[in-house]
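Please read the following report alongside the sequence and the coordinates.

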Amino acid sequence: MSKVKYYYDPETLSYRKIERKKRKTFKYILGFITASALFGFLTVFVTSHFVESPKEKALKRELTNMKLQYDLLNKKMDEASEVLASVEDRDNNIYRIYFEANPIPEEQRKAGFGGINRYKGLEGYDNSKLIIESSKKLDILQKQIVVQSKSLDEIAKLAEDKEKLLASIPAIQPVNNVDLTRIASGYGYRTDPFTKARKFHYGMDFTAPRGTPVYATGDGTVLRADSQSTGYGRHIRIDHGYGYVSLYAHLYKYNVKKNQKVERGDLIGFVGSTGRSEAPHLHYEIFKDGERINPTNFYYGSLTSEEYSILLEKSSLENQSLD
């Protein structure tokens, strides 16, 4: 029950009861409600703009952490790009040059992505620029890795082919130095032992006792092992691939047969004096793309530099050949 209030009336010299008008009471109530609402609005406004809620604090921490993670990701991508750039440099300037392959152009390695906007879905966020730049950098890095991976696959294939080529090229002397009596004649003009005329000699003659081992000078397949070629007597021809064929003539006997696979250093026959021959020796020739070439250019696999110098000196003498 509300308290009754009185006031002193000096005219009547008595106390009178205070009567509160309803309109005035309504105004008091309305003013109180309005003031309360305004105070509440200001409180919410100030709180929402200047005071962080626990949820906002958590989201802010998460956003800060995300920025940190993106910075770390960018740093790692920069480091990966540096490593990849080093591999690309070696690839272009060492590997591809060694295997006679064209370097990959820089614009092909670092090309971007044209056409439609690949990053439209990342737009409209507070950190869209950071996210889009990181995504672009990652996409370009991935493309560079794919290009480099394909290049290394190509280099591996070229290396395999190069290894086969190096194993196939006739690169050793067909008769061991310890078994040689002498190098009778080299590539070039020589005196024919039968006609005594000056004639071009297309191979090398290695003088050795009958039965001296003869070795394949490179990997390949035996094309012929017969005596059905004029002047050569019993002879062997080996197809080394890549346009190379080696010929071993005037043999005493064979140690291989036609279509047999041989490797460099395999025993294929023995020195003899069959066919158009004046004395036991091996006549050795090399063909490249069907043309006879100088065998002295192909002994790097079995001779020292001193032995090779002696070989060049002796083979260059214009003497009499043995066939």
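**Basis and overall composition**

This is a predicted model, in which local features need pLDDT of at least 70 and side-chain atom pairs count only at pLDDT 80 or more, while totals for chains, interfaces and linings use all residues. Residues are numbered from 1 along each chain as its sequence is written, and side-chain values use heavy atoms, with hydrogens and water left out.

The chain contains five helices and 15 strands, where helices (H or I, at least four residues) and strands (E, at least two) are DSSP runs numbered from the N terminus. Of its 323 residues, 31% count as buried; here buried means under 20% relative accessible area, exposed means over 50%, and partly exposed lies in between, with a 1.4 Å probe and protein chains only. The accessible surface of the chain amounts to about 21,100 Å², and 57% of that area belongs to carbon and sulfur atoms; such areas come from the Shrake-Rupley method with a 1.4 Å probe, and for residues only the protein chains shown count as cover. Among contacts with a separation of 6 or more, 63% are made by residues 24 or more positions apart, a contact being heavy atoms within 4.5 Å.

**Nonpolar cores and a surface patch**

In soluble globular proteins, nonpolar side chains tend to be buried together. A nonpolar core is taken here as a set of buried Ala, Val, Leu, Ile, Met, Phe, Trp, Tyr and Cys residues joined through side-chain atoms within 4.5 Å. The largest such core has 23 residues, and those with the most contacts inside it are Phe-206, Val-214, Ile-236, Ile-238, Tyr-248, Ile-268 and Leu-282. Two or more residues each come from strand 6 (204-207), strand 9 (235-241), strand 10 (244-249), strand 13 (267-271) and strand 14 (281-288), with strand 14 giving the most, three residues. A second, separate core has five residues, including Val-245, Leu-247, Ala-249 and Phe-287.

On the surface, by contrast, Ile-29, Phe-32 and Ile-33 form a nonpolar patch with about 330 Å² of accessible area together. Patches are made of residues with over 30% relative accessible area and no salt bridge, like charges being joined within 9 Å and nonpolar side chains (Val, Leu, Ile, Met, Phe, Trp, Tyr) within 5 Å. Ile-29 belongs to helix 1 (residues 22-50) and is partly exposed, at a relative accessible area of 46%.

**Buried loop residues**

His-250 sits in the loop between strand 10 and strand 11 (251-254) and counts as buried, at 1% relative accessibility. Its C-alpha lies 6.9 Å from that of Ser-277, although the two are 27 residues apart in sequence.

Phe-298 is placed in the loop between strand 15 (291-293) and helix 5 (305-315), where it is buried at a relative accessible area of 11%. Beyond residues up to four places away in sequence, Phe-298 touches Ile-169, Pro-170, Ala-171, Ile-172, Tyr-244, Ile-286 and Ile-293.

Helix 4 (residues 128-168) has 41 residues and reaches 59 Å from its first C-alpha to its last, close to the 60 Å expected at 1.5 Å a residue; the expected span is 1.5 Å times one less than the number of residues. Its buried residues include Ile-131, Leu-141, Val-147 and Ile-155.

Side chains of opposite charge can pair when their charged atoms come close. The whole structure holds five salt bridges, each a side-chain nitrogen of Lys or Arg within 4 Å of a carboxyl oxygen of Asp or Glu. Some of them are tabulated here.

| Salt bridge | Closest N and O atoms |
|---|---|
| Asp-161 and Lys-157 | 3.1 Å |
| Lys-164 and Glu-160 | 3.7 Å |
| Arg-292 and Glu-285 | 2.9 Å |

Asp-161 and Lys-157 are four residues apart in helix 4, so about one helical turn separates them; Lys-164 and Glu-160 are likewise four residues apart in helix 4. Asp-161 is partly exposed at 26%, as is Lys-157 at 46% relative accessibility. In the remaining tabulated pair, Arg-292 is partly exposed at 34%, whereas Glu-285 is buried, with a relative accessible area of 2%.
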